[in-house]
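Here are some notes on side-chain packing, for you to check against the coordinates.

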Amino acid sequence: MQPEPNRVPSGPAATFHIPDLIPVFPLPNVVFFPRMYLPLHIFEPRYREMVADAADGGHCVGMALLKEGWEEEYYGNPPIYEIGCVGRLVSVEPLPDGRFNILLQGLRRFEIREQLFDRSYRRARIRLKTGGEGGFTDRAMRADLVRIAQSYLAAKAEGHHWQELFRQNVDDEVLVHSLSTYLDLTPIEKQFLMEAEALQQRARRLTDLLQFKLHERDDAKGWG
């Protein structure tokens, strides 16, 4: 039997159904990865409506990154990147003035097939992306990523905050997506990682990106 098209196949949310049509919350500085958690404060009226509808319906919100130049059209529907991540509403706290505090759990990457603008907020028909989950087939890839990440963090005097993440019992997907989320990368760099089709490719891109930043930092010191 073939799985349903948008049913999460594995992990803690294995039985959670992701609708084909979801609300989309575009932001200029947030790239959301599977298995990460994202707290958000919702204050704009259109996104208050979005949260209320999602809480009453599919309990999903798609996070997407706004493309450059979004400022001129922010209160309309500026262009967004077509690859994003579906988040499940795990907590919705209504506030007295109509705002919300919410918490999203990242489930799966998606690709937008069609955008709909028939409500105050944007919606999209999506196709879930496959191939970005699981672990590495090449264990040397993890060792390379950890080594480069530790060097990068040591140069910033932040390595001691990350040691728990580098333990062997932390699985590969959590390792890659935590680094992709919390390191000081630009939104465009994070989107570049998000769009990698496989976890191994995402890890390689992240390793190369951190290596480049280390070289760039060393070159800057040399010129100092």
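1. Buried here means under 20% relative accessible area. Phe 25 has 6% relative accessibility, so Phe 25 counts as buried. Bear in mind that this is a predicted model.

2. How many aromatic pairs does the count come to? One. The partners are Phe 25 and Tyr 47.

3. Phe 25 belongs to strand β1 (residues 21-27), Tyr 47 to helix α1 (residues 45-56). The pair therefore ties together parts that lie 22 residues apart in sequence. Tyr 47 is buried too, because its relative accessibility is 5%.

4. Next, charges over rings. The charged end of Lys 67 sits over the Tyr 81 ring, 5.4 Å from the ring centre. The charged end of Arg 205 sits over the Phe 192 ring, with 4.1 Å to the centre.

5. Lys 129 deserves a look. Lys 129 is in the loop between β6 (123-128) and α2 (139-155). Is Lys 129 buried or exposed? Its relative accessible area is 7%, so Lys 129 is buried.

6. What does Lys 129 touch, leaving aside residues up to four places away in sequence? The contacts are Ile 83, Arg 108, Arg 109, Phe 110, Glu 111 and Glu 197.

Definitions and conventions. Residues are numbered from 1 along each chain as its sequence is written. This is a predicted model: local features need pLDDT of at least 70, side-chain atom pairs count only at pLDDT 80 or more; totals for chains, interfaces and linings use all residues. Side-chain values use heavy atoms; hydrogens and water are left out. Helices (H or I, at least four residues) and strands (E, at least two) are DSSP runs, numbered from the N terminus. Buried means under 20% relative accessible area, exposed over 50%, partly exposed in between (1.4 Å probe, protein chains only). Contact means heavy atoms within 4.5 Å. Rings of Phe, Tyr and Trp (its six-membered ring) pair if their centres lie within 6.5 Å; planes under 30 degrees apart count as stacked, over 60 as edge-to-face and the rest as tilted. A charge sits over a ring if NZ of Lys or CZ of Arg is within 6 Å of the ring centre and within 35 degrees of the ring normal.
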